[in-house]
Amino acid sequence: MAKTKDKTVWFCSACGAQASKWEGRCSACGQWNTLVEERVKPVSRSASPVSKAGKSVPQAVSQIAALDEPRIHMPSEELNRVLGGGLVQGSLVLLGGEPGIGKSTLVLQNLLAIKSKTILYVSGEESATQLKLRADRIGRGSDNCFIVCETSLDNIFDHIADIQPGILVVDSIQTIASDALESSAGSVSQVRECAAQLLKYAKESGVPVILIGHINKEGSLAGPKVLEHIVDAVLQFEGDSQYMYRILRANKNRFGSTSELGIYEMCQHGLREVKNPSEMLVSQADIDLSGVAIGVTIEGARPFLIEVQALVSTAAYGTPQRSVTGFDGKRMNMLLAVLEKRVGFKLGQKDVFLNIAGGLKVNDPALDLAVISAILSSNVDMAIQRGTCFAGEVGLSGEIRPVARIEQRIAEAEKLGMQQMLIPKGNLKGINTKRLSIPLVEVSKVEEAFRALFA
Ligand code: TYD
Ligand code: MG
């Protein structure tokens with residue numbers, strides 16, 4: 001009889017590629033020093049806990065019944081929207097995010113509020129008591145949500161057979177391991193094998209499976225890239241854990257748009273949905289302050305108003321400081337160079353601090369105009385007229401360039417009762433200004449914006 005011999009293989013921790021010997025550089029993705037050694041036992045397929053499905057038959061597209069698979073409506077509307085209208089039966093959803101951001105809270109809070117389904121919450125990280133404490137904090141109990149602390153995939157399938165859940169949660173995929181492989185939990189081969197088995201279970205049983213995943217220090221999901229390929233949706237929960245706002249976005253979604261965005265606030269009793277982000281992100285200070293400008297940004301599909309704060313002061317030391325939070329530092333330096341050259345401000349000897357309110361990170365180039373306005377306002381120490389907001393990209397020669405989806409931005413500014421909005425001249429074409437109640441000030445150069453604001 002042939003002896004089954006354990007095999008040693010090398011896996012790339014970046015792309016999941018397999019190699020038979022160690023190499024300094026992964027031949028598949030070109031990353032250096034990413035190969036890790038793992039021992040694998042050949043998997044006996046008959047031991048697979050998932051029952052064998054019948055053989056599939058090719059069908060003509062027109063013959064396939066368009067089963068309008070009912071989605072499971074999530075209690076949180078923001079989560080529903082990001083999922084594309086609810087959790088699809090038989091889908092595999094991966095939720096990633098930094099430790100402590102609130103992934104477990106988000107999932108538990110939603111599932112405890114679902115009364116119509118049996119839920120199995122598998123936790124490989126926390127004890128049942130810890131989960132109970134969290135549930136108490138959220139302020140909900142539930143008779144149909146079962147919690148089990150388990151790290152063996154085979155035992156998890158036993159629990160599934162007992163409980164027959166309507167929704168399965170695995171928190172987190174990096175902590176569970178299949179007995180078929182010898183490598184430790186969290187290794188490339190384990191993550192891949194466990195995810196593949198859970199995928200098979202989801203597709204065969206029609207039970208949606210939510211996987212919670214860790215992210216590594218570069219900010220991408222830990223484990224092999226194949227994990228992102230096999231799941232139906234990848235949701236990312238992000239935000240600065242020092243601040244209270246959290247953003248949920250879909251990086252991939254086979255059942256909906258990836259441009260949707262959910263905004264939450266971490267409170268004493270769990271996560272609270274933020275229905276109207278603009279109202280929260282713009283401070284309603286009674287006095288006019290210099291160095292504050294309101295930008296109209298679009299994150300995902302949602303426009304909102306956000307406050308940009310700048311402080312320009314004479315440098316105390318020889319080298320001036322530049323400090324930025326929530327905005328790209330290189331972009332700010334570029335904007336400072338434009339101001340120096342086009343408006344003639346001597347910013348070379350000044351400290352410049354820039355902050356985006358609420359701890360959010362904004363990448364929208366349309367915020368440029370608000371950023372330079374805040375810097376100019378602080379530099380001349382004059383407040384921008386109340387009720388003014390901005391949208392516009394600034395180019396290298398100081399020109400204000402048109403931005404995408406200007407109508408949506410104007411509508412949001414109007415909704416929040418803004419009194420005037422500076423927009424790029426190039427955006428004016430195609431907008432029906434007669435219908436608008438908000439006065440638009442069109443600008444085509446940084447100098448013009450400066451004159452419009454402080455003349
Ligand atoms: P958690 O869901 O455990 O994060 P993750 O699963 O992503 O690691 O929650 C993270 C933090 O949220 C925790 O440090 C405490 C805080 N928190 C609150 O502020 N209020 C609450 O009601 C709960 C449950 C948690
Ligand atoms: Mg957790």
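## Contacts around ligand 1

A polar contact is a pair of N or O atoms within 3.5 Å. In this predicted model, a nitrogen atom of ligand 1 meets that limit with a polar backbone atom of Cys267, at a distance of 2.8 Å. An oxygen atom of ligand 1 is 3.0 Å from a polar backbone atom of Gln268, and a nitrogen atom of ligand 1 lies 3.4 Å from a polar side-chain atom of Arg137. The protein buries 75% of the 560 Å² that ligand 1 exposes when it is taken alone.

There are 15 residues around ligand 1, and those that come nearest are Lys103, Ser104, Thr105, Arg134 and Gly270.

## The nine-stranded sheet

Nine strands form an open sheet with mixed pairing, and their order is β8-β7-β9-β10-β6-β11-β12-β13-β14. Because β8 (145–149) and β14 (270–273) each have a single partner strand, they stand at the edges, and one side of each is left without a neighbour in the sheet. On average, neighbouring strands of this sheet are turned by 25° against each other, with direction ignored.

Strand β9 (residues 167–171) and strand β10 (residues 209–214) run parallel and are joined by four bridges; within this pair, Val170 stands opposite Leu211 in β10. Two helices pack on the sheet, and each can be described by the strands that it touches. Helix α4 (residues 153–163) touches β7 (119–123), β8 and β9, and its direction makes about 160° with that of β7. Helix α5 (residues 188–205) touches β6 (92–97), β9 and β10, and its direction makes about 160° with that of β10.

## Strand β13 and its partners

Strand β13 (residues 261–267) is mostly covered, since five of its seven residues are buried. Strand β12 (residues 245–253) pairs with β13 in the antiparallel sense over five bridges, and Leu248 has Gly262 in β13 as its bridge partner.

A hairpin of two residues joins β13 to β14.

Ser152 is found in the loop between β8 and α4. Its relative accessible area is 12%, so Ser152 is buried, the cut-off for that class being under 20%. When neighbours within four places in sequence are left aside, Ser152 is in contact with Ala177 and Asp179.

## Backbone features in the loops

Most residues other than glycine have a negative phi, and most peptide bonds are trans. Against that background, the peptide bond from Asp171 to Ser172 is cis, with omega near 0°, and Ser172 has its place in the loop between β9 and α5.

Note on methods
Residues numbered from 1 in each chain as written. Chains lettered and ligands numbered in written order. Predicted model: local features only at pLDDT ≥ 70, side-chain atom pairs only at ≥ 80, totals over all residues. Heavy atoms only, no water. Pairing = 2+ DSSP bridges. Axes fitted to C-alpha atoms, helices over the stretch in contact; angles between N-to-C directions. Contact = heavy atoms within 4.5 Å. Near = heavy atom within 4 Å. Polar contact = N/O pair within 3.5 Å; in protein donor to acceptor, adjacent residues only side chain to side chain. Areas by Shrake-Rupley, 256 points an atom, 1.4 Å probe, with all protein chains shown as cover. Buried < 20%, exposed > 50% of the residue type's maximum accessible area, 1.4 Å probe, protein only.
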